[in-house]
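Please keep the sequence and the model in view while reading.

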Amino acid sequence: RVICLELLILLTFQTSALDWHRQQEPSHRTSYLNALELRGNESLVGSGDESEGQEDVLKNIFHEFYGNSSHTDHFKLLKEDGSSVLVGARNVIYNLSLPNLLEFTEERIDWSCSLEDKNNCDLKGKSDPECQNYIRVLSVIGPDRLLVCGTNCYSPLCRHYHYTDGQYRVEREFSGRGYAPFDPTHNSTSLYTSGHLYAATVADF
């Protein structure tokens with residue numbers, strides 16, 4: 001009787017574990033997950049042509065995006081919607097397709113510091129790489145409207161953008177202090193809800 005009870009408990013536990021595992025499965029498998037599965041099976045595949053063929057498959061699945069190779073971009077993932085990602089970088093926001101990371105160049109947002117802000121940054125004793133606008137914050141605030149904040153040459157600034165006539169246009173600007181960091185290497189996080197932007201970052205330099 002005791003053995004039967006223990007077996008019943010064990011079967012119940014295994015059933016619960018299987019149910020939990022099914023619930024954790026993604027609603028659809030992505031190329032990334034399929035590639036991980038291929039990697040997990042590599043140990044089962046021998047060397048030679050089969051192994052080389054599998055490496056070619058992985059190369060076709062995984063893609064790389066380098067941005068501007070002439071300087072450090074300080075990439076930051078700003079938004080992901082399942083079919084594309086918005087990535088903040090130096091003086092630009094890239095819109096990249098998934099999973100192949102091709103850029104939608106027509107939806108790129110370029111935003112450099114003004115000459116006045118650049119000169120003020122120089123007076124603070126900062127280097128040229130530091131005196132750039134690294135985009136750190138992005139939130140969707142309405143249909144075809146974005147709220148974007150950047151370091152702006154050590155003088156954080158935010159903008160409202162409206163997508164119209166095939167391009168993003170600036171609607172307004174306001175201080176980004178407390179929303180975006182001064183330094184692109186500083187951590188920051190933000191949340192836009194109920195018409196307000198909440199952020200946690202370094203508020204000074």
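Helices (H or I, at least four residues) and strands (E, at least two) are DSSP runs, numbered from the N terminus. This is a predicted model, in which local features need pLDDT of at least 70 and side-chain atom pairs count only at pLDDT 80 or more, while totals for chains, interfaces and linings use all residues. Residues are numbered from 1 along each chain as its sequence is written, and side-chain values use heavy atoms, with hydrogens and water left out.

**Aspartate 73**

Aspartate 73 sits in the loop between helix H3 (49–61) and strand S1 (76–80). Is aspartate 73 buried or exposed? Aspartate 73 is buried. Here buried means under 20% relative accessible area, exposed over 50%, and partly exposed in between (1.4 Å probe, protein chains only). Aspartate 73 has no salt bridge. A salt bridge needs a side-chain nitrogen of Lys or Arg within 4 Å of a carboxyl oxygen of Asp or Glu. Lys and Arg count as positive, Asp and Glu as negative; His and the chain ends are not counted. The nearest side chain of opposite charge is arginine 90, 6.2 Å away. Contacts (heavy atoms within 4.5 Å) tell the rest. Leaving out residues up to four places away in sequence, aspartate 73 touches Tyr66, Gly67, Asn68, Ala89, Arg90, Tyr94, Tyr134 and Arg136.

**Disulfides**

A disulfide is a pair of cysteine sulfur atoms within 2.5 Å. The count is three. With bonded cysteines counted along the chain, the pattern is 1-5, 2-3, 4-6.

| Pair | S to S | S-S torsion |
|---|---|---|
| cysteine 113 and cysteine 153 | 2.2 Å | about 110° |
| cysteine 121 and cysteine 131 | 2.1 Å | about -90° |
| cysteine 149 and cysteine 158 | 2.0 Å | about 105° |

Take cysteine 113 and cysteine 153. Their torsion is about 110°, so this disulfide is right-handed. Cysteine 113 lies in the loop between strand S4 (109–110) and helix H4 (115–123), and cysteine 153 in the loop between strand S6 (145–150) and strand S7 (157–164), so the pair ties together parts 40 residues apart in sequence. Cysteine 113 is buried at a relative accessible area of 17%. Cysteine 153 is buried at 1%.

The disulfide of cysteine 121 and cysteine 131 is left-handed, because its torsion is about -90°. Cysteine 121 is in helix H4; cysteine 131 is in the loop between H4 and strand S5 (135–142), ten residues apart. Both cysteine 121 and cysteine 131 are buried.

Cysteine 149 and cysteine 158 have a torsion of about 105°, so their disulfide is right-handed. Cysteine 149 and cysteine 158 are both buried.
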